[in-house]
Amino acid sequence: MRGLYPDSRRVRPTGRMIFYHLGELTLRIGHITDPPTVQITRGVQLHLLDLLDTDIGQTRWPQT
């Protein structure tokens with residue numbers, strides 16, 4: 001996978017690199033008429049979320 005390291009070498013993602021890149025994601029809290037959104041700042045984040053089969057458009061509420 002390219003984009004994890006600054007020199008764009010092709011590497012297998014490690015857990016540490018995945019958490020590093022996904023740790024920079026931010027969640028914009030929504031309101032009643034405006035759902036929350038995840039703000040992606042780099043393409044590698046979107047690619048990782050796609051590989052993890054994560055639907056960022058799906059809101060999940062905490063279970064109580």
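Helices (H or I, at least four residues) and strands (E, at least two) are DSSP runs, numbered from the N terminus. With that in hand, here are my notes.

1. First, the ground rules. This is a predicted model, where local features need pLDDT of at least 70, side-chain atom pairs count only at pLDDT 80 or more, and totals for chains, interfaces and linings use all residues. Residues are numbered from 1 along each chain as its sequence is written, and side-chain values use heavy atoms, with hydrogens and water left out.

2. Now look at Glu24. Glu24 sits in the loop between α1 and β1 (26-28). With a relative accessible area of 31%, Glu24 is partly exposed (buried means under 20% relative accessible area, exposed over 50%, partly exposed in between, using a 1.4 Å probe and protein chains only). Leaving out residues up to four places away in sequence, Glu24 touches Arg42 and Gln45 (contact means heavy atoms within 4.5 Å). Glu24 and Gln45 are 21 residues apart along the chain, and their C-alpha atoms are separated by 8.6 Å.

3. So what about Gln45 itself? You'll find Gln45 in helix α2, and at 0% relative accessibility it counts as buried. A polar atom of the Gln45 side chain lies 3.0 Å from the backbone oxygen of His21. Not counting residues up to four places away in sequence, Gln45 touches His21, Leu22, Glu24, Leu25 and Ile40.

4. Which residues of α1 are buried? They are Met17, Ile18, His21 and Leu22. Viewed down the axis of α1, these buried residues fall within an arc of 120 degrees, so they line one face of the helix (the arc is that of the directions from the helix axis to the C-beta atoms). An α-helix has 3.6 residues a turn, so residues three or four places apart point the same way. The buried residues of α1 pack against α2, while Arg16 and Phe19 are exposed on the other side of α1.

5. The largest nonpolar core has eight residues: Leu4, Val11, Met17, Ile18, Leu22, Val44, Leu48 and Leu49. Both α1 (15-22) and α2 (43-51) supply at least two residues each. (A nonpolar core is a set of buried Ala, Val, Leu, Ile, Met, Phe, Trp, Tyr and Cys residues joined through side-chain atoms within 4.5 Å.) Among the residues that Leu22 touches are Leu48 and Leu49.

6. Last, the salt bridge (a side-chain nitrogen of Lys or Arg within 4 Å of a carboxyl oxygen of Asp or Glu). The count comes to one, and it joins the side chains of Asp34 and Arg28 at 3.0 Å, N to O. Asp34 is partly exposed at 29%, and Arg28 is partly exposed at 30%.

Notes:
Polar contact = N/O pair within 3.5 Å; in protein donor to acceptor, adjacent residues only side chain to side chain.
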